[in-house]
Amino acid sequence: MSDYMIRGMAANDQVRFFAAASTNTVEQARITHGLSPVVTNALGRLLTAGALMGAMCKNDTDKLTLRIQCQGPIKGMLVTADSKGNVKGYVSEPELLLPAKDLKEAIDLGVLSVIKDIGLKEPYMGDTHLVASNIAEDLTYYFATSDQIPSSVALGVLQNDDLTVRAAGGFIIQLMPFADEEIISYLETRLKGYSVTAELDRGKTPEDIIRDIFTDPAGGKSYDVSVTDTLPCVYCCDCSKERVEQAVISLGRRELAAMIADEKPIEVVCDFCRTKYSFAPEELLRMLSEGRVKN
Ligand code: ZN
C-alpha cells in the first residue's frame with residue numbers, strides 16, 4: 001500500500017485534522033541513510049510531522065522545514081516538505097546505536113526550529129525548546145506557544161526484527177478558535193494515553209484512527225468526521241546537477257581556485273538522497289570564467 005495523508009474537519013467544523021500513513025517514506029529514509037533503529041524512529045517521526053505540516057501550508061510553492069539541534073548523541077536532524085506530500089530529510093548521526101525506543105536519550109535537550117518558506121525574501125522561523133524530546137509532544141508545545149493553536153500531535157514508527165519499517169504514521173489534531181468546552185474536554189479525555197503506535201501496529205489506516213478518536217469508546221457517542229482531501233506522501237529529493245552547481249559556486253572564488261589547482265574532480269553528495277555529483281576541474285574553471293562566482 002502506498003503512503004498517503006488525509007485532511008479534514010470534525011465535530012461540526014470545530015476541529016481540523018491531518019493524518020498520515022508513512023511506512024514506505026520512513027523505510028526509504030532508513031535505506032537511503034543506513035539508519036539505525038533509534039534514528040529510524042527519530043527521523044521517521046520528524047519526516048511524518050514534516051509531511052503533515054507541509055500539507056498545512058496554504059500555497060502550492062510553500063516549503064516547510066523542521067530542524068532539531070540537540071545535545072543528545074543524534075546531534076541534529078533536518079526535514080523539508082512541500083505542500084504536495086514530498087518530504088526528505090537527513091540526520092547528523094545516522095548509525096547511532098541505542099534501543100529504538102530511547103528517543104529521549106538520543107535527542108536530549110535542544111531546539112526545534114520550524115521554518116516556513118512562503119516565497120518572501122526571508123523565510124518565517126519559529127524556535128522552541130524541546131520539552132519531551134519525542135518530537136510529537138515537542139510539536140504540540142510548538143503549536144501552543146508559537147501559533148497559539150491547541151493541538152495534539154501523535155507520531156509513531158514500528159520496526160520488524162530485521163529492522164525494516166513495519167508501520168509509521170501520525171496525526172495532528174487542532175482546535176478551531178470557536179471550539180466549545182464539550183469537544184475540548186472530550187478530546188482531552190480521549191487522547192489521554194492514546195497510542196498511535198499501538199493503533200498502527202493493529203493495521204489501522206489514517207481514516208480508521210481519526211474515526212476512532214472521534215468515537216467515544218465508553219458512551220458510543222460519535223462526532224462527525226469529514227475527510228476533505230487525500231494527498232500522497234513520498235520520500236522524494238528534487239536535487240539536480242544544476243542545483244548542486246549553485247552550491248559549489250556559493251563556496252566562492254578562492255575555494256574554487258584551490259579545487260582547480262588540485263587538478264582532481266570533486267565529488268558532492270546530496271545530504272537528502274546521497275546522490276553523488278562529480279565536477280571535473282574544467283567544469284569548475286567554466287564556473288569561474290562565466291563570472292557567476294560572486295565572492
Ligand atoms: Zn538529492
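Reader: How are the donor residues of the zinc ion spaced in sequence?

Author: The spacing is C-x1-C-x30-C-x2-C. Donors here are N, O and S atoms within 2.8 Å of the metal (3.2 Å for Na, K and Ca); water is not among the atoms, so sites may look incomplete.

Reader: Before we go on, what kind of model is this?

Author: This is a predicted model, in which local features need pLDDT of at least 70 and side-chain atom pairs count only at pLDDT 80 or more, while totals for chains, interfaces and linings use all residues. Residues are numbered from 1 along each chain as its sequence is written, and side-chain values use heavy atoms, with hydrogens and water left out.

Reader: Back to the zinc ion. Which atoms coordinate it, and at what distances?

Author: The SG atoms of C237, C239, C270 and C273 coordinate the zinc ion at 2.2 to 2.3 Å. The site is tetrahedral, with angles of 101 to 116° among the four donor atoms. Four donors count as tetrahedral if all angles lie between 85 and 135 degrees; four count as square planar and six as octahedral if opposite donors are over 155 degrees apart and all others between 65 and 115; anything else is irregular.

Reader: Where do C239 and C273 lie?

Author: C239 is in the loop between strand 11 (234–235) and helix 8 (241–249), and C273 is in the loop between strand 12 (266–269) and strand 13 (276–279); this pair links distant parts of the chain, 34 residues apart. Helices (H or I, at least four residues) and strands (E, at least two) are DSSP runs, numbered from the N terminus. C273 is partly exposed, with a relative accessible area of 22%. Buried means under 20% relative accessible area, exposed over 50%, and partly exposed in between (1.4 Å probe, protein chains only).

Reader: Changing topic: how many salt bridges does the structure hold?

Author: The structure holds 15 salt bridges, each defined as a side-chain nitrogen of Lys or Arg within 4 Å of a carboxyl oxygen of Asp or Glu. One of them joins D229 to R7, with the closest N and O atoms 2.9 Å apart.

Reader: Which parts does that pair tie together?

Author: D229 lies in strand 10 (residues 225–232) and R7 in strand 1 (residues 4–10), so the pair ties together parts that are 222 residues apart in sequence. D229 counts as partly exposed at 30% relative accessibility, and R7 counts as partly exposed at 23%.

Reader: Which residues are linked in a network of salt bridges?

Author: The network links R190, E199, R202, K204 and D212. Within it, R190 and D212 meet at 3.6 Å, N to O. R190 is in helix 5 (residues 181–191) and D212 in helix 7 (residues 206–213), 22 residues apart. E199 pairs with K204, the closest N and O atoms being 2.7 Å apart.

Reader: And is E199 buried or exposed?

Author: E199 counts as buried at 9% relative accessibility, whereas K204 is partly exposed with a relative accessible area of 27%.

Reader: What does M77 touch?

Author: Not counting residues up to four places away in sequence, M77 touches A42, L43, L46, L66, R67, I68, Y90, V91, I107 and I135. Contact means heavy atoms within 4.5 Å.

Reader: And the sheet: in what order do the six strands come?

Author: The order is 7-6-3-4-5-11, in an open sheet with mixed pairing. Two strands pair if DSSP finds at least two bridges between them. Strand 7 (124–129) and strand 11 are the edge strands, each pairing on one side only. Strand 4 (residues 76–82) and strand 5 (residues 86–91) pair in the antiparallel sense over five bridges.

Reader: Why is strand 2 largely enclosed by the rest of the structure?

Author: Six of the seven residues of strand 2 (residues 15–21) are buried, so strand 2 is largely enclosed. Seven bridges join strand 1 to strand 2, which run antiparallel, and strand 2 also pairs with strand 9 (residues 165–175) in the antiparallel sense over seven bridges.
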